[in-house]
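Student: Please take me through this structure, with the criterion behind each term.

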Amino acid sequence: MERTWTNARLATMAGNGLGVIEDGVVASRDGVITYAGPRADAPAAAGEVIDCGGRWITPGLIDCHTHLVHAGDRSGEWAMRLDGASYEEIARAGGGIVSTMRATRAASEADLVATALPRLDALLAEGVTTIEIKSGYGLTVADEFKMLRAARSLSDERRVRVATTLLGAHALPPEYAGRADDYVALVTDEMIPAALGLADAVDAFCEDIGFTPEQTGRVLAAAQRAGLPVKLHAEQLSALHGASLAASFGALSADHLEYADETDAKAMAAAGTVAVLLPGAFYFMRETKLPPVDLFRAHHVPIAIATDCNPGTSPTTSLLLMLNMAATLFRLTVTEALRGVTVNAARALGLADQIGTIEPGKACDLAIWDISDPAELVYRVGFNPLHLRVKDGECC
């Protein structure tokens, strides 16, 4: 099937900026972009021709860090935090990740799909065409794989690309209390080798309330042996140089990063590891330690932005809101923010050769907006100007 979108203003994200093309055309065949450029140079339109009425087109948005699949609700813990309890105190008292674990273990795969769909629909309604979904709330081989299967099933229910990540080393399940090394062995020896075909990457939670750098290194090494790329929750609550550890394994991304330092930034730059910033969690947890954006700029570390959609620390399904938060809280520029949910988010998933820019040979994943300037997508709050979402050349 061939389609051509004409009379459009393009923010292609090609090159180092927004890649703006005024009076642009995008053409596709069988879901792949065949032309993206000025109308004056465009080939003769073929197939269906869609007049965009001067609207802006960006690549379809990419949410590169979510925990979208889970069961249960943690609004009660939020109330506890408002009364003064810390995230660590709640976690050590059996709340936090373990609370969601119990609910997720009790849910069927069909239940997990059904409860995830409304969250997914909210993201798709804002122009998201690709989403990463982590496991990490099952914490047994069977329950982690149940989550991964549910995540993959979402692409059968909706027109969306789903990248799955095994986060078996997310928390220590109660049955392994006092035996963290034994649980890490379960992850490295059983979960990871069996996850091929279900997981696209492996992640871990390297923190004082999660897993030590040494334990995390064992997880990342097992992933490397299995041929799976790695990502890492790092430097969110403490400075353990998890980002440097991740970079030493050639990680696709290190995520959160509030406590990262120049050593981490240099290591990430050398490895090509993307810094994924999660302003929703920063805001929701009322953090004050800002991620070192200036260091990432200075060392040319690509910056991505994601929702971190999860029930405990970032219960949001608005990537557009994250754009504004990244600019307001972290002082990202409009260009940095928009590249953070397109080309750099694609890099964080290892998919930069397929998505993230509007260029020939890439998947025809587009978001068409009723805006006068791309800055509106970052500037406005509670505003969804999406006119049309296009996935693999199909309007949806």
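Student: Which residues have the most contacts inside the largest nonpolar core?

Tutor: This is a predicted model, in which local features need pLDDT of at least 70, side-chain atom pairs count only at pLDDT 80 or more, and totals for chains, interfaces and linings use all residues. Residues are numbered from 1 along each chain as its sequence is written, and side-chain values use heavy atoms, without hydrogens or water. The residues with the most contacts inside the core are V69, L154, L166, L257, F296 and L323, and the core has 93 residues. A nonpolar core is a set of buried Ala, Val, Leu, Ile, Met, Phe, Trp, Tyr and Cys residues joined through side-chain atoms within 4.5 Å. Helix α12 (residues 319–330) gives the most to this core, with eight residues.

Student: Why is α6 called roughly parallel to α7?

Tutor: Helix α6 (residues 180–194) and helix α7 (residues 213–226) pack at about 10 degrees, with axes 9 Å apart. Angles under 35 degrees count as roughly parallel, so α6 is roughly parallel to α7.

Student: What makes C64 count as buried?

Tutor: Buried means under 20% relative accessible area, with a 1.4 Å probe and protein chains only. C64 has 0% relative accessibility and therefore counts as buried; C309, at 2%, also counts as buried.

Key: Axes are lines fitted to C-alpha atoms, for helices over the stretch in contact, and angles run from 0 to 180 degrees between N-to-C directions. Helices (H or I, at least four residues) and strands (E, at least two) are DSSP runs, numbered from the N terminus. Angles under 35 degrees count as roughly parallel, over 145 as roughly antiparallel, 65 to 115 as roughly perpendicular and the rest as oblique. Buried means under 20% relative accessible area, exposed over 50%, partly exposed in between (1.4 Å probe, protein chains only).
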